[in-house]
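Take a look at the sequence and model first.

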Amino acid sequence: MRYSAFISYNYRNVRWARWLHRGLETYRVPAHLLGRQGRFGPITARLPPVFRDREELSASDDLGAAIRQALADAEMLIVLCSPNAVQSRWVNEEIRAFVALGRRDRIRCLIVDGEPHAADPARECLPPALFEGSSSEPLAADIRKGQDPRSSAKLKLIAGILDLPYDELRQREAARQRQRLMLIASASTIGFVAMAGLAVSAVLSRNEAVAQRKLADDRAVTAERTVEFVKSMFEVSDPSEARGQTITAREVLDQGASRITTSLKEEPLVQAELGITLGEVYGSLGLYKKGDALLDWAGTVAPGQASVKVRQLLGSADSKRRMGEYALAETLYQRGIAIAREPGGPRADLLSRLLVGLGEAQTAQDKFAAADGSIREALRLDQSRWGAEHRDVARDLEALGLNALYANRFGDARPLFLRALAIRRKLEGPMSPSVADNLNNLATVAYMQGDPVLAETYYIANLQADEKVLGPRHPDLAVTLNNIGRLQLERRAFAAARVSLARAVAISLPERGALHDEMAFQFANLALAEQGLDKLQPAEAHFQQALAAGHRHKHRNVGPILVDLANVHCQSHRTESGLALLAEAAPLMRLDYPDDPWRMAWAWNVKGECLIRAGNAGAGAQAIRDSAAPVLRRWPQGSYYAAEIARRLVLAAAADKAPAGQRR
């Protein structure tokens, strides 16, 4: 084929056609996919040319013949759907011509305006030619306001062109926000926390000698340097004695926080600075709610003080990001950046931290291009200030790596993590929490590149290091435990997976709550482990919790959760409600996984078993057989999904022998 795709559109939508044409032809295929067999043969770094008639045919004397030839030479037809397209004779004729070539299954839609199946005909966006001779609706991406981000819509179309699963280009399920922590947790660190408590007590003391009172006049200027030194004490790690969060540290911090809020009322600047510092310390210990409350309070103590405001915005934004409130965090970072950029800005030294935090919040919202720009600006500032080997430079490289990872640019992510890992090991030692974070990120890259054994090795090593350095209840452990549990699930080690995942949930709930976006993964995976152990009642309860978190964040995992919940209903002989859940899941699966065939096949396979259990043996057995191949192409023999397919194929064979009355 000469063209990878033909873009069909009405001239009133030319702006979108130009955007899509440019986006497809400039897209760089991830390095790890190069050479894999795709729709056009071995995949290369760029897509074959994309046909857009106003670009390609400006000098053509025979527009009709040229269009027909271009359609014949195009592997895929992409229709820009809008009310204008519905009324366009040429858009409908191009669809009919492409269908006549026997390629109906290669039509994809991009909705740019209007409504599908609108009650008002003037708002209808799907051209009628799409449905001529067929009742099925082509797969669609949707870039209307409130629907797919443009980057996600473009990737859905690219995945269809390359004939690859959408998850390989944009793996949201692997998406999680890794947090960098200050290095804490040795016996010597605990001693430093005690020293921090003494420093706070000294600042709070109202009975100092006259000579010390003179120092109080300068505290507004020197307080931040003092408390930054206190924070730096947490960056010394002795792994041989590290204990993480202990009662001694909590007692010192709680006492200091309590006294700050009731004392120093005549020195609000010092009050605010110390409040912000201890709020950040709470956050570094994984005590997010306590830290968040203290940071919010500190922001009210010294209004009008720009230097305090920048620090408070940074601390609050970091906290909101950890709690999964990414849009609010982005706003707070931007407010802090605006103040820091002012001429003679009061906290220009915090600009790189604000920028990298902004990038991390943007990454969490799939704003990958914006995030890359924010983080790279921070990296330039830090390299100019510190050189090539500094903790801040490593932090920036890690944030860039995570952005690449979540954008499914795994080949770009790996060297960034390796560079950051080398810096961390040199400066902080092998047991640094940040070293463990980088190993964890490399594990995710290994998993996404098809090496689950290496990934699990990384994850387990990371977990052991984090437990020793951070203690057994830090929220970072929950993310690693969830990843380990998922790998155990996939190889059907259900009992071990249940232990890992139950512990992950128990760690996450107190600090993050049941509706954090990460809980959609943790509850769903725990439910699968319970189901694998034939504990259907707790499995159903956990799926319901996963749905609540998923709906809260409009999570793309909602469709798969509904399918797995339907499976539980059907296995519990509630086939009517199970089939209803599958019907609810179907449009979500088509929307979120348009080019990921194994997922829709899995839903159809579940439906097949449900139909058999409902007494419709013939239809159920056929559904199981029809949907088995795509799942088996995705999952290796012996995995959870492959084993379930094998079980259902046996069930289908038995159903074939059922009495005629059950084979309707």
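Q: What is the mean pLDDT of the chain, and what share of its residues reach 70 or more?
A: The mean is 81, and 82% of the residues reach 70 or more; pLDDT is the predictor's confidence in each residue, from 0 to 100. This is a predicted model, in which local features need pLDDT of at least 70 and side-chain atom pairs count only at 80 or more, while totals for chains, interfaces and linings use all residues. Residues are numbered from 1 along each chain as its sequence is written, and side-chain values use heavy atoms, with hydrogens and water left out.

Q: Where in the chain is confidence lowest, and where is it highest?
A: Helix H9 (residues 210–217) has the lowest confidence, at a mean of 38, and helix H26 (residues 558–571) the highest, at 96. Over residues 172–247, pLDDT stays under 50. Where pLDDT is low, the predicted coordinates should not be read in detail.

Q: Why is Asn13 called buried?
A: Buried means under 20% relative accessible area, exposed over 50%, and partly exposed in between, with a 1.4 Å probe and protein chains only. Asn13 has 6% relative accessibility, so it counts as buried. Its place is in the loop between strand S1 (5–8) and helix H1 (14–25). Beyond its neighbours within four places in sequence, Asn13 is in contact (heavy atoms within 4.5 Å) with Leu80, Ser82, Asn84, Ala85 and Val112.

Q: What makes strand S6 (residues 107–111) largely enclosed?
A: 5 of its 5 residues are buried, so the rest of the structure largely encloses S6. Ile107, Cys109 and Ile111 are buried on one side, as are Arg108 and Leu110 on the other.

Q: How do you know that S6 pairs with strand S5 (residues 77–81) and with strand S7 (residues 139–142)?
A: Two strands pair if DSSP finds at least two bridges between them. S5 and S6 run parallel and are joined by 5 bridges, while S6 and S7 pair in the parallel sense over 4 bridges. Leu110 of S6 is the bridge partner of Leu80, and the partner of Leu110 in S7 is Ala141.

Q: Which span is expected for helix H14 (residues 306–322), and what does the model show?
A: The expected span is 1.5 Å times one less than the number of residues. H14 has 17 residues and reaches 24 Å from its first C-alpha to its last, close to the 24 Å expected. 14 of those 17 residues are buried, so H14 is largely enclosed by the rest of the structure. Just after H14, Gly324 takes a positive phi of about 85°.

Methods. Helix = DSSP H or I, 4+ residues; strand = E, 2+ residues; numbered from the N terminus.
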